[in-house]
Amino acid sequence: MNALSRLWKQLIEKELKQEETEKTRWRPKLHIAPPAGWLNDPNGLCQYQGVYHAFYQFSPFQPEGGLKFWGHCTSRDLLHWTFEGVPLMPDQQEDCHGTYSGSAVAEEGEMYLYYTGNVKETGDYDFINTGRRSYTMLAVSKDGREIETKEVLMTKCDYPSDLTCHVRDPKVWKQEGIYYMVQGARTKEDKGIALLYSSEDKRHWQLLGRFEPEEEFGYMWECPDIYELEGRTVLCISPQGVEEQGLKYANVYQSVTCFIEGDFRKGAQVREFRELDGGFDFYAPQTFLADDGRRIQIAWMGMPDAEEFYVNPTVEDGWQHIMTIPRELSIRHGVLCQNPVRELTEWWNCSHSFEGYFEGKVESCCAFELNTAGEGLQILLAGGLRLSYSPEEKIFWMEFTDSALGAGRTLRGREVDKLERLRLLIDVSGAEVFLNEGEDVFSTRFYPKEDAFTIRIEAPNSKGTYSYHLEEA
Ligand code: FRU
């Protein structure tokens, strides 16, 4: 630890102590949230010595975002998370303007944390083609809490010359004895792409190829991820600059996946992207492989640069943003599906069933499941968040009819051919809707008044369950 990181540590400890009292309003019970300040992308997700670790982009001093550190939390069940501190700090020449997003490889008693060191030069630059440096960095830790060493692995001259200064977010994984890294980038022609590298020793990297869109798809790709799932190779990217198309790509930025045909090691031209989420708050998803073989994804349940459209009133309480619930990935009908981790179903210890109709006050952290037999439904949550589907129209809608409840969020919709099953997870100020075993998902924040946890469900001929958790007395 150098003098700068010691200073950061003191300032952060002071900041977090001061914030301790308020913050109960709208704090989720099961979702990762920062103790104070701002959270964005999940980083370094892994299961290490049996424990789940999640790091995240963290600005401890400003709920509106600022200089980026890595916050750290751990969990044994993917539902209850303990804040562990701020291990990765901007304390080097090569990361002084932010320890940006990255990933973890956990093996042989060490955690290898790969990230981007962000540096902005002083002067009149556009910070796209000039004035910015993006270093590929490696920090090694034994426990995720203290960093032992930091190394620079790549600088500008190691990246292809047709790229701008925007190269970042290394995702590293091991496959058949070789390490692979994928990084997001923006070319000088303003095209989003991803770079693929390989290494035998985790430190020396060779460029293997690149993933490029067959047809232009945004000017920059952030936070890429590549993983094997049920015999297929999935590429996940968060592109910026994709134009809205009917109901598609309605948010400021997107998160999409596509399947890579053939051997990913050669890079590829990719197409047929599918949005991972149809709601308002979902960005920069990352995955990891759990010890039991599950591929688990966590995303930032927020949206960058959305302030002119919608906000999060938790800023008044000194904090902003949460993660999605960890989701298990699978493939069904050729589509990538996301469902809450099975630990969630085991967590509920009370449940009531109903048929066709439900109305009343509910717990602020609870879940609903509906088997609809293909018919329509209408759900009204907290008096102003409407979820609806009709088999004639074949569009699932998420609509805020109360503008305070949505804090500016309005309407999102997605074509859904047939609605057979719906799961709704409510956690104080976050709602996630999973349709047809997770083939379509909608995530949003919402801000109800304290006593406004009511729900009305009209779903003719459906069978439903309402579940929640009661602490034993
Ligand atoms: C995505 C992103 C990443 C970057 C990080 C900085 O939200 O812009 O590309 O590493 O956030 O916080």
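**Charged contacts and their surroundings**

Modeller: A network of salt bridges links Asp 292, Arg 294, Glu 328, Arg 342 and Glu 343. Keep in mind that this is a predicted model. Across the whole structure, a search finds 38 salt bridges. Three further pairs deserve a close look.

Start with Asp 91 and Lys 150. Their side chains form a salt bridge, with 2.6 Å from N to O. This pair joins distant parts of the chain, 59 residues apart. Asp 91 sits in the loop between β4 (82–88) and β5 (99–107), while Lys 150 belongs to strand β8 (residues 147–154). Asp 91 has 12% relative accessibility, so it counts as buried, the cut-off being under 20%. Lys 150 has a relative accessible area of 21%, so it counts as partly exposed.

Glu 151 and Arg 203 meet through their side chains in a salt bridge of 2.7 Å, N to O. Here again distant parts of the chain are linked, 52 residues apart. Glu 151 is in strand β8, and Arg 203 is in the loop between β11 and β12 (206–213). Glu 151 is partly exposed, at 23% relative accessible area. Arg 203 is partly exposed as well, at 30%.

Glu 222 is at 12% relative accessibility and counts as buried. Arg 168 is at 9% and counts as buried too, because buried means under 20%.

Glu 222 leads on to the pocket. The largest pocket has a volume of about 650 Å³. It is lined by 31 residues, and those closest to its centre are Asn 40, Lys 68, Tyr 100, Glu 222 and Pro 304. At least two residues each come from β1 (37–48), β5, β6 (110–120), β9, β13 and β18. The lining of the largest pocket is made up of 11 nonpolar, nine polar and 11 charged residues.

β9 runs antiparallel to β10, and eight bridges join the two. Gln 175 has Ile 178 of β10 as its bridge partner. The hairpin of β9 and β10 has two residues between the strands, and Glu 176 takes a positive phi there, near 45°. β10 itself is mostly covered, with nine of its 10 residues buried.

On to the next hairpin. β10 is also joined to β11 by eight bridges, again antiparallel. Met 181 faces Tyr 197 of β11 across this pairing. Four residues separate β10 and β11 in their hairpin, and in the turn Asp 190 has a positive phi of about 60°. The loop that holds Asp 190 runs between β10 (178–187) and β11 (192–199). With 34% relative accessibility, Asp 190 is partly exposed.

β18, one of the strands in the pocket lining, is also part of a sheet. β18, β19, β21 and β22, in that order, form an open antiparallel sheet. β18 (283–289) and β22 (335–340) are the edges. Each has a single partner strand, so one side of each is left without a neighbour in the sheet. From one strand to the next, the twist averages 40°. Inside this sheet, β19 pairs with strand β21 (residues 327–332) over two bridges, in the antiparallel sense. Gln 297 stands opposite Arg 327 of β21.

Asp 305 lies in the loop between β19 (295–300) and β20 (319–320). It has a positive phi of about 55°, although it is not a glycine. Asp 305 has a relative accessible area of 45%, so it is partly exposed.

Conventions. Residues numbered from 1 in each chain as written. Predicted model: local features only at pLDDT ≥ 70, side-chain atom pairs only at ≥ 80, totals over all residues. Heavy atoms only, no water. Buried < 20%, exposed > 50% of the residue type's maximum accessible area, 1.4 Å probe, protein only. Pairing = 2+ DSSP bridges. Axes fitted to C-alpha atoms, helices over the stretch in contact; angles between N-to-C directions. Salt bridge = Lys/Arg side-chain N within 4 Å of Asp/Glu carboxyl O. 1 Å grid on protein atoms, 1.4 Å probe; cavity = no way out; pocket = protein on both sides within 12 Å on 5 of 7 lines; lining within 4 Å. Points joined across faces, edges and corners; volume = space filled by probe spheres on them. Nonpolar A, V, L, I, M, F, W, Y, C, P; charged D, E, K, R; others polar.
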